[in-house]
Amino acid sequence: VSITENGKRLIEKGFIEDEFLKKDFPLETKELTEEEKFTLERLSKRKDIVKVVIVREKTPILTKLGRELLKTGIESEDIIYNLDALILKTVVWKGIRFRRFDIKINVPKIFGGRKQHYRAFLDEVRKKFLALGFTEMFGPIGESDFWDMDSLYMPQFHSARDIHDAYYVKEPKYMKLDSALIKKVKSAHENGFDTESKGWQYSFDSTLTKRLLLRTQGTACSSRMLASKELKIPGKYFAIARCFRYDVVDATHNCDFYQTEGIVVEKGIDFRHLKALLRLFAREFAGTDEIKITPAYFPFTEPSAELHAKHPQLGWIELGGCGIFRPEVIKPLLDKEISVLAWGIGIDRIAMFKLGLNDIRQLFSHDLQFLRNVKA
């Protein structure tokens with residue numbers, strides 16, 4: 001490689017880019033010559049050589065009202081607009097007026113990012129249960145008839161299932177299950193499975209129990225936990241489970257909802273312990289110590305009850321159902337009998353009370369205006 005005569009002349013003359021870069025930066029583009037503007041354009045196409053920054057100049061002018069006020073004889077004076085640590089330390093503020101602010105005046109709202117209101121509420125519920133010493137349990141949304149109802153001693157063809165209008169899945173239609181576990185639950189339905197119960201005394205369908213559906217109740221998580229090797233005795237468990245039931249959607253009913261439920265497993269506990277637990281829930285979630293327990297019916301608990309709490313503003317409200325799991329539920333899953341307290345809270349309704357909503361659909365609203373203004 002050798003330098004041509006033309007190249008030597010360019011070296012002697014010097015490159016316009018080199019001459020331009022020797023200038024004292026920053027420069028104002030309006031003061032550049034045409035040749036320098038051309039050089040700037042060429043350098044701007046190369047990486048990390050020059051940077052063009054747009055600086056906007058603003059010149060204030062008096063309005064008509066301002067000129068009129070000036071004629072009245074306005075005098076300048078020292079006014080503090082922002083109070084900081086330096087002003088307090090040097091005692092500059094003494095004898096100087098502070099600017100007055102009208103805190104009642106309408107100002108533009110700023111809508112910063114935040115959690116969806118119901119999601120934030122459920123996270124708070126989760127924190128409370130963890131603080132009370134409960135362990136969170138989980139289960140799939142796509143559940144089998146076995147875990148959702150059969151393991152909970154709900155007869156396959158009984159009217160008790162009417163309230164569980166399930167959405168059944170077309171494909172896949174069935175779920176794989178432990179055949180030994182199915183055999184035990186089948187025995188509980190047909191003859192009581194080595195308990196003092198006689199069972200429901202019907203022919204249990206082992207194929208029907210494998211049908212896949214969308215989970216209709218959070219108690220499916222409890223039945224899975226009782227059969228799990230991870231179950232600890234004594235132990236306290238809770239779940240925030242998304243459930244689905246075929247229903248007419250209105251202000252108080254939805255086909256897609258959450259249940260918060262759980263179990264307490266320990267030898268020797270009884271209904272008195274359950275009442276104390278319910279009183280604790282009423283205090284934590286409804287803000288009251290005044291509760292009322294009424295008889296109820298659930299196929300998987302005996303005795304069964306419903307918890308009502310007196311809300312400070314809303315009066316008596318139903319918080320959920322509760323009871324003690326029947327031996328026909330516990331023994332097939334756990335292979336032994338032990339006391340299991342079970343409870344379920346209608347968390348959607350409590351969220352409505354806490355967030356000041358009168359329509360359950362607003363928990364899942366996509367309306368941006370509503371989401372910006374809803375109580376957090």
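In this structure, the axes of helix α6 (residues 117-131) and helix α12 (residues 347-355) come within 11 Å and cross at roughly 110°, where axes are lines fitted to C-alpha atoms, for helices over the stretch in contact, and angles run from 0 to 180 degrees between N-to-C directions. Helices (H or I, at least four residues) and strands (E, at least two) are DSSP runs, numbered from the N terminus. This is a predicted model, in which local features need pLDDT of at least 70 and side-chain atom pairs count only at pLDDT 80 or more, while totals for chains, interfaces and linings use all residues. Residues are numbered from 1 along each chain as its sequence is written, and side-chain values use heavy atoms, with hydrogens and water left out.

**Confidence**

- The protein chain has a mean pLDDT of 87, and 98% of its residues reach 70 or more; pLDDT is the predictor's confidence in each residue, from 0 to 100.
- Within the protein chain, confidence is lowest in strand β1 (residues 79-80), with a mean of 81, and highest in strand β3 (residues 135-136), at 95.

**Helix α6 against helix α12**

- Helices α6 and α12 are therefore roughly perpendicular to each other, given that angles under 35 degrees count as roughly parallel, over 145 as roughly antiparallel, 65 to 115 as roughly perpendicular and the rest as oblique.
- The crossing in which α6 passes α12 is right-handed; a crossing is left-handed if the near helix is turned anticlockwise from the far one by less than a right angle, and right-handed if clockwise.
- On the α6 side the contact is made by His117, Tyr118, Phe121, Leu122 and Val125, and on the α12 side by Ile347, Asp348, Ile350, Ala351, Lys354 and Leu355, contact meaning heavy atoms within 4.5 Å.
- Sorted by class, the contact of α6 with α12 has eight nonpolar, one polar and two charged residues, where Ala, Val, Leu, Ile, Met, Phe, Trp, Tyr, Cys and Pro count as nonpolar, Asp, Glu, Lys and Arg as charged, and the others, Gly among them, as polar.

**Surroundings of helix α12**

- The buried residues of α12 are Ile347, Asp348, Ile350, Ala351, Met352 and Leu355; buried means under 20% relative accessible area, exposed over 50%, and partly exposed in between (1.4 Å probe, protein chains only).
- These buried residues of α12 pack against α6, β7 (256-265), α10 (271-286), β10 (315-325) and β11 (340-345).
- Gly356 follows α12 and has a positive phi, near 70°.

**Helix α6 against helix α10**

- The axes of α6 and α10 come within 11 Å and cross at roughly 145°, and α6 passes α10 in a right-handed crossing.
- Val125, Lys128 and Phe129 of α6 make this contact with Phe281, Glu284 and Phe285 of α10, and the residues of the contact divide into four nonpolar, no polar and two charged.

- Asp289 lies in the loop between α10 and β8 (291-295) and, at 44% relative accessibility, counts as partly exposed.
- Asp289 and Arg279 are 10 residues apart in sequence and 6.3 Å apart in space, C-alpha to C-alpha.
- Not counting residues up to four places away in sequence, Asp289 touches Arg279 and Arg283.

**Buried helix residues and their contacts**

- Lys331, placed in helix α11 (residues 327-334), is buried with a relative accessible area of 17%.
- Not counting residues up to four places away in sequence, Lys331 touches Phe193, Asp194, Thr195, Lys336 and Glu337.
- Ser222, found in helix α9 (residues 219-227), counts as buried at 1% relative accessibility.
- Leaving aside neighbours within four places in sequence, Ser222 is in contact with Met137, Glu261, Gly262, Ile263 and Phe325.

**Backbone features in loops**

- Phe193 has a positive phi, near 50°, in a residue other than glycine; Phe193 lies in the loop between α8 and β5 (212-214) and is buried, with a relative accessible area of 17%.
- Asp48 also is not a glycine and has a positive phi of about 55°; Asp48 is found in the loop between α3 (34-44) and α4 (64-71) and counts as exposed at 81% relative accessibility.
- A cis peptide bond with omega of about -5° joins Glu171 and Pro172, and Pro172 lies in the loop between α7 (145-148) and α8 (179-191).
- The peptide bond from Ile233 to Pro234 is cis, with omega near 0°, and Pro234 is placed in the loop between α9 and β6 (235-244).
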